[in-house]
Amino acid sequence: MFKTIFGLAFQGVKRRRRQSLLIFFVLLVSFTFAIILLSYTSSIAETNSQLRLDTYGWWYGAITDTNESTKEYLESTEWVDEVGTSVNYGSASVIAGEMSMGSLAIGTADDNLVDMGIILSSGHMPNGSGQIAVEASALSEVGYGTSTGSTITLRWTFANYNAETGDISLATVERSFLIVGVIKEYTGLWDVSCTLNSAIVTEEAMADIIAEAEEILGGSVTLVPETDYFFTVKSGMESNVENEVNRYLYQNRVGSSLKFVTINSVVGMEEEAAETNMVYLALILAITILAVVMIYILQMQSEVRRIVRFRSIGGSKWRLRFLILIETLVLAVPAIILGIGLGFLGIQGLLKLSVFTGSTNIIVSIPWNYLLMALILWLVGILAVRMITFQVALATPLTGRMGMQRSKTRLLFWFRRALIMLMATIMCISVVFSTINIAEPLSEYNY
């Protein structure tokens, strides 16, 4: 019996090809429209959040120009997740022949710090003493292209101060490095009171360079590397971080120097996807459900005749209800599957065309909980209209033309007009509401 009903449902959809295609198109467009509007605002917010993180890094706080005990303190606390280390060894001149092309701030960065926001445009971080990664803007300033594979020559000048005689000895060390990585700009964007490295080498490379300088000078070099620590915080433990770290730094200050933790400028900004407003959701649902209702209302007279004919040949009420349910799902399920894909592509296209440049990674954020709610109400609305049609068919006589009575036809006409007016009104409200709702996350984006 069920197999027969399924066969009748598929045959009915196939036989009414034009009508079925029209209904499928309306279902597809309405569901795609719902996905795009539900996801557009949250996608902008998520993309903005990722853009800020790519620009300012993932680190939460920084303590600059400090010592190893500070790192030990950070790692011992229950709220710090990871600690990244940056060491700056001063600057080195970029040499081309006998000419100096400018200088680079040279230093090292551990893997944790790289994970916290030092992003490579191309290549990789150095893993050998003859390799170097340089910031793209710094490469341009010293006359190099922003690509890997070139060789760059650096010159350091080290000093040795003799306290007994008061003499200062100088030593020059030159090294050539293969550029294996190009770093996205961060030294001019991270708001910290320290020298950030525009060029990163390995610890072994710096140890070799300093050892060569000490051999030339016959003693140790007068160089105090600047060590900075960056850290991330475990989720839900951000509230007292700044006060606790500052208290530690105050109690453990060296001499009269006061140091304070620097909180990342991105902290405190809205980093989560915008919550979909319930009014917004109601407007979207109203539009999508009304669109589907309209198309089924337009087909009501022919649907009533078809159901009456089934009744006239002995079709029971529950079989007819089941037939209507299967026919609805045959059109609705493909529309849902295809609509999700089209909605995803539609959001990406809208963001690329209207807001973001090609260099920004577009993040599509679909609020699945709201989408599921919308889907359920959407299906309920469709089935409700079909059941109304079924009930009208039950009240239609099985003799004569087997069509709707004149009074009901007139009532259906006025009902259509009311639906059109209602849909136009809701569309106008949704446009205004969408503009207001999208304006705030849109204003956060900087070209």
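Predicted model: local features only at pLDDT ≥ 70, side-chain atom pairs only at ≥ 80, totals over all residues.

Trainee: Let us begin with helix H6. Which residues of H6 are buried?

Mentor: Helix H6 covers residues 203-217, 15 residues in all. From its first C-alpha to its last it reaches 21 Å, close to the 21 Å expected at 1.5 Å a residue. A residue is called buried when its relative accessible area is under 20%. In H6 the buried residues are Ala205, Met206, Ile209, Ile210, Ala213 and Leu217.

Trainee: Within what arc do the buried residues of H6 fall, seen down its axis?

Mentor: An α-helix has 3.6 residues a turn, so residues three or four places apart point the same way. The exposed residues Glu204 and Glu215 are carried on the face of H6 turned away from its buried side. The buried residues of H6 line one face of the helix, because down the axis they fall within an arc of 125°.

Trainee: I now turn to the aromatic rings. Is the pair of Trp59 and Trp190 stacked, edge-to-face or tilted?

Mentor: The count of aromatic pairs comes to eight. For Trp59 and Trp190, the ring centres are 5.6 Å apart and the planes stand at 55°. Planes under 30 degrees apart count as stacked and over 60 as edge-to-face. The angle of 55° lies between these limits, so the pair is tilted.

Trainee: How many residues apart are Trp59 and Trp190?

Mentor: Trp59 is in the loop between H2 and strand E1 (61-63). Trp190 is in the loop between strand E7 (168-183) and strand E8 (199-200). The pair thus links distant parts of the chain, and its members are 131 residues apart.

Trainee: Which residues form one aromatic cluster with Trp190?

Mentor: Tyr186 and Trp190 form an edge-to-face pair, with 4.9 Å centre to centre and 70° between the planes. Tyr186 counts as buried because its relative accessibility is 3%, and Trp190 is buried at 5%. The residues that form one aromatic cluster with Trp190 are Trp59, Tyr186 and Phe230.

Trainee: What separates the C-alpha atoms of Ile5 and Arg319?

Mentor: Ile5 lies in helix H1 (residues 2-15), and it is buried, with a relative accessible area of 4%. Along the chain, Ile5 and Arg319 are 314 residues apart.

Trainee: Finally, let us consider the cavities. Which element gives the largest share of the lining of the largest cavity?

Mentor: There are four cavities of 30 Å³ or more, and the largest has a volume of about 70 Å³. Its lining holds 10 residues, of which Arg16, Gln19, Ile23, Leu331 and Arg386 lie nearest the centre. Helix H2 (17-56) and helix H10 (317-354) each give two or more residues to this lining. The largest share, three residues, comes from H2.

Trainee: How many residues of that lining are charged?

Mentor: The lining of the largest cavity divides into nonpolar, polar and charged residues. Four are nonpolar and two are polar. The number of charged residues is four.

Note on methods:
Residues numbered from 1 in each chain as written. Heavy atoms only, no water. 1 Å grid on protein atoms, 1.4 Å probe; cavity = no way out; pocket = protein on both sides within 12 Å on 5 of 7 lines; lining within 4 Å. Points joined across faces, edges and corners; volume = space filled by probe spheres on them. Helix = DSSP H or I, 4+ residues; strand = E, 2+ residues; numbered from the N terminus. Nonpolar A, V, L, I, M, F, W, Y, C, P; charged D, E, K, R; others polar. Phe/Tyr/Trp six-rings, centres within 6.5 Å; stacked < 30°, edge-to-face > 60°. Buried < 20%, exposed > 50% of the residue type's maximum accessible area, 1.4 Å probe, protein only. Expected span 1.5 Å × (residues − 1). Arc of directions from axis to C-beta.
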